Structure formats: C-alpha cells, structure tokens
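Have the sequence and the 3D view ready as you read.

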Amino acid sequence: MAKVTIQYWAAAREAAGVELESVEARTLAEALDEIVARREDDDRLRSVLAASSFLVDDAAVIEVLPQFAGG
C-alpha cells in the first residue's frame, strides 16, 4: 500500500471537515472507502463524493473536486 494525500475543495472540504488527510491505499476506490469509513455516521462526505470528480497525481495526491455552480 502507498500513503496517499487527499485534498478536498469547496463543498468536499466542508463535508470532510478538513482540507487534507492521508490514507494508506492502492487504488482510488480503496482511498475513498477509507475516508468514508472514518466518518461512520455522517453521510455528507459520501454524498459529495458521489457527485465529484477526482484528479489523481501518480497515486500520491487525490484532489476531490465537487460539482461547482455556474455556467
């Protein structure tokens, strides 16, 4: 497994309650499962992730980009 940094933007940051966090994961799916599991009874982050895009930088940094308003 590799140490991965998750960086949250906008609504994702608000739902996560942090700007950055680290997890041990091999895949994007594993990283997302871990961060959701850390928030057992709070489904806000799960909801935001379902509508988000992800930028992955060589599996070392994952940026969570929620939907943005505008045109």
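Does glutamate 21 count as buried or exposed? At 12% relative accessibility, glutamate 21 counts as buried, where buried means under 20% relative accessible area, exposed means over 50%, and partly exposed is in between (1.4 Å probe, protein chains only). Keep in mind that this is a predicted model, where local features need pLDDT of at least 70 and side-chain atom pairs count only at pLDDT 80 or more, while totals for chains, interfaces and linings use all residues. Residues are numbered from 1 along each chain as its sequence is written, and side-chain values use heavy atoms, with hydrogens and water left out.

**The sheet**

- An open sheet of 4 strands has the order 2-1-4-3, with mixed pairing; helices (H or I, at least four residues) and strands (E, at least two) are DSSP runs, numbered from the N terminus, and two strands pair if DSSP finds at least two bridges between them.
- Strand 2 (20-25) and strand 3 (53-57) are at the edges with a single partner strand each, so one side of each has no neighbour in the sheet.
- From one strand to the next, the twist averages 25°; axes are lines fitted to C-alpha atoms, for helices over the stretch in contact, and angles run from 0 to 180 degrees between N-to-C directions.
- Strand 1 (residues 2-8) pairs with strand 2 in the antiparallel sense, over 6 bridges.

**A closer look at strand 2**

- In a regular strand, side chains alternate between the two faces of the sheet.
- The covered face of strand 2 holds Glu21, Val23 and Ala25, and the uncovered one holds Leu20, Ser22 and Glu24.
- Glutamate 21 is the bridge partner of isoleucine 6.
- The side chain of glutamate 21 also makes a polar contact with the side chain of arginine 38, at 2.7 Å; a polar contact is a pair of N or O atoms within 3.5 Å, and within protein one must be able to donate a hydrogen and the other to accept it, with residues adjacent in sequence counting only if both atoms are side-chain atoms.
- Alanine 25 is buried, with a relative accessible area of 3%, and alanine 2 stands opposite alanine 25.

- Helix 2 (residues 28-37) lies across strand 1, strand 2, strand 3 and strand 4 (61-65), and runs at about 125° to strand 2.
- Ala31, Leu32, Ile35 and Val36 are the buried residues of helix 2.
- These residues cover an arc of only 130° around the axis, which puts them on the same side of helix 2; the arc is that of the directions from the helix axis to the C-beta atoms.
- The largest nonpolar core has 17 residues, and those with the most contacts inside it are Ile6, Tyr8, Val23, Ile35, Leu45 and Leu49; a nonpolar core is a set of buried Ala, Val, Leu, Ile, Met, Phe, Trp, Tyr and Cys residues joined through side-chain atoms within 4.5 Å.
- Helix 2 gives the most to this core, with 4 residues.
- Leaving aside neighbours within four places in sequence, leucine 49 is in contact with Leu32, Ile35, Val36, Phe54 and Val64.

Conventions
Contact = heavy atoms within 4.5 Å.
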